[in-house]
Amino acid sequence: GPATTRAKIVAVITMLARAVLLLALAATGALAYTPLRVVSLTRAAVGPATSRVATSSIEMMRHGLREARLGRPADQRKALLRALTTECIRHGAITTTLTKCKEVRKTVDHMVTLAKNGSLHARRQALGYVYDKQLVHALFEGAADRYAEREGGYTRITRGDFRRGDNTQMGTIELV
C-alpha cells in the first residue's frame with residue numbers, strides 16, 4: 001500500500017543522507033578509519049553550529065568469547081578448573097595444555113589475590129572454590145608475605161612441546 005511505499009522512500013532518503021554526511025566528514029578529514037573501527041575525531045570541520053568535540057565508535061562485539069570452552073559442558077569445565085587450580089596451588093606448578101594453562105591462570109591469580117586480602121569473606125570464597133581446606137589455610141598464611149610487593153601476575157606460563165597423539169601445544173603454569 002501507499003503507507004509501506006512511503007516508509008520505504010523515507011528509509012532510502014535517510015540512508016542516503018547518512019552516506020552523504022559520512023562522505024562530507026571524510027572529505028574534511030573529520031573521520032579516521034581503522035580496520036574495525038570508525039572514530040569521529042571532531043565535528044569542528046563541519047561548521048560553527050557543531051563546534052563541540054564528539055566521539056563515537058563502531059566496534060565488533062565479542063559474543064561468547066569470555067572464556068575457553070575446553071570442549072566440555074559447563075559443570076565439567078568448572079570442576080576441571082577447580083581441580084587444576086587446587087593442584088597448581090598444592091604443587092606450585094602443573095603441566096597441561098596451553099589453553100587450560102591460560103584459563104587456570106585467571107583462577108589461580110584470583111585465589112592468591114583473595115589470600116593477600118586475608119579477610120574472613122575472602123577465606124570463605126577460597127574455601128568454596130579450592131577442594132582442599134588445609135591448602136587454603138596454608139595459602140592464606142604464606143601469600144601475604146610472598147606476594148607483598150607484587151600487584152598481580154602471580155603465575156608464569158611457559159610453552160612446552162607438542163603432545164604425542166593429538167599434537168596439542170603443552171604448557172607449564174607455575175606460581176612465581
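Predicted model: local features only at pLDDT ≥ 70, side-chain atom pairs only at ≥ 80, totals over all residues.
Visitor: Which residues does T99 contact, leaving aside its neighbours within four places in sequence?
Guide: Start with its place: T99 is in helix 3, residues 98-117. Helices here are DSSP runs of H or I with at least four residues, strands are runs of E with at least two, and both are numbered from the N terminus. Contact means heavy atoms within 4.5 Å. By that rule, T99 touches A68 and L70.

Visitor: Is T99 buried, partly exposed or exposed?
Guide: Buried means under 20% relative accessible area, exposed means over 50%, and partly exposed lies in between (1.4 Å probe, protein chains only). T99 has 43% relative accessibility, so it counts as partly exposed.

Visitor: Is L70 buried or exposed?
Guide: L70 lies in the loop between strand 2 (37-40) and helix 2 (74-91). Its phi is positive, near 60°, and it is not a glycine. Its relative accessibility is 16%, so L70 counts as buried.

Visitor: Is N167 buried or exposed?
Guide: N167 sits in the loop between strand 4 (155-162) and strand 5 (169-175). Its phi is positive too, about 60°, although N167 is not a glycine. Its relative accessible area is 55%, so N167 is exposed.

Visitor: Are helix 3 and helix 4 roughly parallel or roughly antiparallel?
Guide: Axes are lines fitted to C-alpha atoms, for helices over the stretch in contact, and angles run from 0 to 180 degrees between N-to-C directions. The axes of helix 3 and helix 4 (residues 120-129) come within 8 Å and cross at roughly 150°. Angles under 35 degrees count as roughly parallel, over 145 as roughly antiparallel, 65 to 115 as roughly perpendicular and the rest as oblique. Helix 3 and helix 4 are therefore roughly antiparallel.

Visitor: Which ring does the charged end of R82 sit over?
Guide: A charge sits over a ring if NZ of Lys or CZ of Arg is within 6 Å of the ring centre and within 35 degrees of the ring normal. The charged end of R82 is 5.9 Å from the centre of its ring, and that ring belongs to Y129.

Definitions and conventions
Residues numbered from 1 in each chain as written. Heavy atoms only, no water.
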